[in-house]
Amino acid sequence: MNLDSLSRTSGEWLRGTGPESDIVISGRIRLARNLAAFPFTNRANAYQKTEIEALLRDRIGKLELDPRLEYINLVNLSTIDRQFLVERQLISRELASADGPRGVALMDKETVSLMVNEEDHLRLQVMRSGFALDEAWQDIDRVDDLLEQRVSYAFHEDFGYLTACPTNVGTGMRASVMLHLPALVWTKQIEKVFRALQKINLAVRGLYGEGSRPAGDFYQISNQVTLGKSETTILGEIRDVIPQIISYERQAREALLREGRQALQDKISRAKGTLSSATMMTSEETMDLLSSVRLGVNLRLLDDINISTLNELFIHTQPAHLQKLMGASLDGEERNAARAQYLRTRLREGDANPN
Amino acid sequence: MKCQSCSNEATVHLTSIIDGQKTEKHLCSVCAEQQHAIQHQELNLPAILHNLIGQHVGQLTDELARLTCPACGMGYMEFRAEGRLGCPHDYSVFRAGLEPLLQRIHRSERHVGKTPRHRARHARQEADLLALRQQLKHAIEEEAYEEAARLRDLLRIKEASDESGQPESY
C-alpha cells in the first residue's frame, strides 16, 4: 500500500458523509482477540511474538475478503509513517510505539484494520463515516467469523473472549462514536453531558483515545462494560444515547445563534481570518480554529468553505500528514510555518471555488 | 469547629502522620483550597484497577498469593502488580481472585454474547500446548538447543494431532 497516496485524502473517519454528519463524525468498533495456545503479548518473548505475527499474517492473508487486506510490517516503517497511521486512526498509539514484531492489515478503503501484537494478539477494527454502528458491526462480525475458522481463539465458556486486561474480557468489544460538540463546549455544558454518560457506564475520550485531550472539540463516546452484556445490547445502549447528545448539541447551537449571534459570528470570522493569514500555526491552535470554522459552515454563518475541504484540513495539518505532504521531515518550528502556509493556500482555493 | 485560618465553619479535617508526628488541621473549604490541602488527583486508570484488584481479594489473598499458572508461569501477585494477565489459562487458574474483580469492573462475571462456532481443541489441550511453548522458550533462553529441538517437534506433533480434520486451525 502506498501511504503517500493515502496522505492526500481524508480517510474514512473524516470523510464527512453519512447520517447526521455535521455532528457525528464516525463510528468505530474494535474487537480484542487472542490465540488460545500462546501467552499474551506482554508475556511473549521476541521469538514467540515472531511466531504469533507469522501465524496471524498468514491466516489474515488467506481471508476471502473483497477488497483484500494488505499487511504492513510496522517494524520496517519509519516513525513518521507509524504516526501517520495513528493520525488516520488505523492503528493505536500503543501499537505505533510498542516493541518487537507487529503489524497491521488494512483494507484500501480504510474501513477495516487488523492490528497484530497489540496488547492483545489481534485487535480488529472497523470504522464508518457518520452514525452507522450497525453496519460497522456487520462488517466486523463477518471478518471475525472468517478468522475464527482459521485460528483458535482464546475463549472461556464463562468469561467469553479472553484478553490480557480484565477490563476487555467477555465480548472484547469497544464501540465508539466520534462527535463534534463545539456548542456544548462553548456553552460550558459538556461536563454535564459527561457526568450523565458516566452514570450509564459510557466513557468519554478525546480525539486520539485514552489520555488525549479533546482537540478540536471532538469527543469519542464508548462502552466501558464488556462482560455480561451482548454485543447487540451494548450497541443498542450507545445507539440510544447518541441522538440525545445530538439534540443537546443542536439546542446549544440554536441558543448561541439566538442569544449571541454577533459574538458567534465574530469568533468564527476571526478563526477563519487567523487560519487564512497566520504565518505560524501549532497543531492544537489549528484544531481549535478549524472547529470554530466547521461550526460556522454548519450554521451557515460562513458559506465560502466546503465542508469536505475543512474535514480534510483537520487531518492534513496533523504533524505526520503535514510532513508527508511536504515530502520532508520537519522540526516543530518548521512544521508550524509549513502548516500555516498550507492552510493559507487551501483556504484561498476555497475562496476561489465556493460550493 | 472553626477554621484555623479564618472564622468560618471548618469542613475539611486533615490528619497527617509524618515521622511518627501526628498533626491535625481544621479548615474551611476556601482555605483548604488556597493552602492546597486537598490534592486533586488525576484519574489514573491503572492505579484504580490496581486498587480494585487489591481490595477484592480480601482473606483469599494468602491462598491466591501462592497461585502460579502452570501454563505461562505467571504468579497471582505478579498479575496484581502489573494489572495484565500472562495467558488465557490464567483466567481458570486465578478464577477465585478474578471473579470479584470482574464483578466490580463489569457488574457481571458471566459472558453473554457471541461465541465461536469453530473450536478445534479443548481448553485443557490449549493450556498443554501453551505450557509446552513456554518450556521451549526457556530451553532457547538457556541455550539448551537439543531440548529445544525435542520440544519443538513435540509441539508440532501435538498441534497436528489435535487438529482432527481442521487443517487450518491453530
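The structure is a predicted model, in which local features require pLDDT of at least 70 and side-chain atom pairs count only at pLDDT 80 or more, whereas totals for chains, interfaces and linings use all residues. Residues are numbered from 1 along each chain as its sequence is written, and chains are lettered from A and ligands numbered from 1 in the order in which they are written.

Chain A contains an open sheet of eight strands in the order S2-S3-S4-S5-S1-S8-S10-S9, with antiparallel pairing. Strands (E, at least two residues) and helices (H or I, at least four residues) are DSSP runs numbered from the N terminus, and two strands pair if DSSP finds at least two bridges between them. The edges of the sheet are formed by strand S2 (69-73) and strand S9 (202-205) of chain A, each of which pairs on one side only. On average, neighbouring strands of this sheet are turned by 20° against each other, direction ignored. Within chain A, strand S4 (residues 112-116) runs antiparallel to strand S5 (residues 122-129) and is joined to it by five bridges; A:Val116 stands opposite A:Leu122 in S5(A).

At the interface, 39 residues of chain A are in contact with 37 residues of chain B, contact being defined as C-beta atoms, placed from the backbone, that lie within 7 Å. Helix H2 (46-61) and strand S6 (155-156) of chain A each supply at least two residues of the side that touches chain B, and H2(A) gives the most, with three residues. This side of chain A comprises 19 nonpolar, 14 polar and six charged residues, where Ala, Val, Leu, Ile, Met, Phe, Trp, Tyr, Cys and Pro count as nonpolar, Asp, Glu, Lys and Arg as charged, and the others, Gly among them, as polar.

Helix H9 (residues 283-298) and helix H10 (residues 307-316) of chain A pack at an angle of about 165°, with their axes 10 Å apart; axes are lines fitted to C-alpha atoms, for helices over the stretch in contact, and angles run from 0 to 180 degrees between N-to-C directions. H9(A) is therefore roughly antiparallel to H10(A), since angles under 35 degrees count as roughly parallel, over 145 as roughly antiparallel, 65 to 115 as roughly perpendicular and the rest as oblique. The residues of this contact divide into eight nonpolar, no polar and one charged. Helix H8 (residues 231-277) of chain A packs against H9(A) at an angle of about 125°, with the axes 8 Å apart, which makes H8(A) oblique to H9(A).

How values were computed: Two residues are in contact if their C-beta atoms, placed from the backbone, lie within 7 Å.
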